[in-house]
Amino acid sequence: MYNRQQRYGKVFKSFVLGRFTVFMTGREASKILLTGKDGIVSLNLFYTGQQVLGPTSLLQTNGDAHKRLRRLIAEPLSIDGLKKYFHFINTQAMQTLDHWQGRKVLVLEEASTFTLKVIGHMIMSLDPTSEEQEKFRSNFKVISSSFSSMPIKLPGTAFHRGIKARDRMYEMLDSIIARRRSGQEFQQDFLESLIMKHSKGGKEDDDENKLTDKQLKDNVLTLLVAGHDTTTAALTWLIKFLEENPHVLEQLRDEHKQIVENRKIGTDLTWSEVNNMPYTTKVISETLRRATILPWYSRKASQDFEVDGYRIKKGWSVNLDVVSIHHDPEVFPDPERFDPSRFDEPLRPFSFLGFGSGPRMCPGMNLAKIEICVFIHHLVTRYKWKPLDRDNSVQPTLVRMPKNKYPVMVEPL
Ligand code: HEM
């Protein structure tokens, strides 16, 4: 990407798998693609993703249907909506960290288990120690690894295994939905609010705007897929960057020690403390800039249009290269350096896109930030850690993660 940008400039075109594919960078391109004004682009979900997530997923809808689905998930994922899950997130973070002491841990694996328990609880009140949670975890892992596979639906392929695991996950959701509808089970979670307020099969069955069970399941799976690997990767990179930048770790630890000191003895982390961690928030942003977990955002041109004097034709795949936006030396001097103070002042719009921007901006950003803040609070107030392998390779999957899963040795402070 870098070589071609040097040769051809901010916009260049390639012929990839039988289709014109355009790559772009810069604020101008970000603005046009991410705001998608006048419906000039739609989200371009790759074929494997389309097959696994199903046709009614938020990631495959556009226009009014997309806006409607966004409204349904906005409330439970808002700061107010998340408050009721705080206690669970806090307990899970502490329990995960309880068994880190004096041990070798694979940070990526641990972060993955933690974030999956949180999302499983939030969406459908899964008990983290139950057999159902274990089934959920193993099916989810297969689905997740099928995402970077070729879409060949033959027994034995990763894609085939992914579709089968998705079907098992849907069976599990069907049985939970049936238990809820029959009144055998009642929970105050995301699924309950969708079933009670927004699904067909409820009291106001004739409402056109209500979701069918298929739509409901496609979108529950979409939230799981979009939210799990991303948060896991962000948490892992952050822990790695902290160790590599001791002065940042020191400043971050000071913020968290201060929170503990200001608290009455014997009390635990509170909701208002989590929402007031200014330095940690900058460390999260710098992590998302430096690691650029999702390296490009992909769209499909719905009509002809022009960017930076370059004509894009309807139907072309148009990709925003976020890595180069996040490493633009004019906005981020010495871009490889990890420096949270870059976020001391607000940046110009479209120069930092950690959670995207515009109508498709990440709806799960508040949840991700809360999970990371809670976990980091307990980690830095209890432990220090040393990596057991300094390999910096990145896993060649959609979501960029450390290939070695970041093995560390953990000691009490
Ligand atoms: C640190 C963690 C996360 C990062 C870095 C992240 C990043 C992003 C980005 C960059 C986009 C926009 C992509 C584009 O414009 O093409 C996005 C969209 C999305 N994210 Fe996240 N995300 C994170 C966590 C979450 C969580 C926890 C959830 C849900 C529980 C979630 C759900 C979604 C969904 C559903 C979309 C698609 C929105 C739409 O198309 O309207 N994400 N995310």
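# Reading sheets, helices and a ligand shell

Q: How do β5 and β8 pair, and over how many bridges?

A: β5 and β8 are antiparallel, with 5 bridges between them. Two strands pair if DSSP finds at least two bridges between them. Helices (H or I, at least four residues) and strands (E, at least two) are DSSP runs, numbered from the N terminus. Within β8, Ser317 stands opposite Lys300. This is a predicted model: local features need pLDDT of at least 70, side-chain atom pairs count only at pLDDT 80 or more, and totals for chains, interfaces and linings use all residues. Residues are numbered from 1 along each chain as its sequence is written.

Q: What is the strand order of the 5-stranded sheet?

A: The order is β1-β2-β8-β5-β3, in an open sheet with mixed pairing. β1 (11-16) and β3 (41-43) are the edge strands, each pairing on one side only. On average, neighbouring strands are turned by 35° against each other, direction ignored. For such angles, axes are lines fitted to C-alpha atoms, for helices over the stretch in contact, and angles run from 0 to 180 degrees between N-to-C directions.

Q: Which helix packs on this sheet?

A: Helix α2 (residues 27-35) does, touching β1, β2, β3, β5 (296-301) and β8. Its direction makes about 130° with that of β8. Two residues are in contact if their C-beta atoms, placed from the backbone, lie within 7 Å.

Q: How does β2 join β8, parallel or antiparallel?

A: Strand β2 (residues 19-24) runs parallel to strand β8 (residues 317-321), joined by 4 bridges. Met24 has Leu320 in β8 as its bridge partner.

Q: Is β8 mostly covered or exposed, and how many of its residues are buried?

A: A residue is buried if 20 or more other C-beta atoms lie within 10 Å of its own, exposed if 12 or fewer, and partly exposed in between; C-beta atoms are placed from the backbone. In β8, 4 of its 5 residues are buried, and the strand is mostly covered. Asp174, in helix α9 (residues 158-181), counts as exposed because it has 12 C-beta neighbours inside 10 Å.

Q: What is the order of the 3-stranded sheet?

A: This open sheet reads β4-β10-β9, with antiparallel pairing. Its edge strands are β4 (104-106) and β9 (383-387), each pairing on one side only. β4 and strand β10 (residues 407-412) are joined by 3 bridges. There, Leu106 stands opposite Pro407 in β10. Helix α7 (residues 107-124) packs on the sheet, touching β4 and β10.

Q: What span should helix α11 have?

A: The expected span of a helix is 1.5 Å times one less than its number of residues. Helix α11 (residues 213-244) has 32 residues and should span 46 Å; its end C-alpha atoms are 47 Å apart, which agrees. In α11, 26 of the 32 residues are buried, so the helix is largely enclosed by the rest of the structure.

Q: Which helix gives the most to the shell around the ligand?

A: α11 does, with 7 residues. A residue is near a molecule or strand if its C-beta atom, placed from the backbone, lies within 6 Å of it. Of the 24 residues around the ligand, Ala226, Gly227, Gly356, Cys362 and Gly364 come nearest. The shell divides into 15 nonpolar, 7 polar and 2 charged residues. Here Ala, Val, Leu, Ile, Met, Phe, Trp, Tyr, Cys and Pro count as nonpolar, Asp, Glu, Lys and Arg as charged, and the others, Gly among them, as polar.
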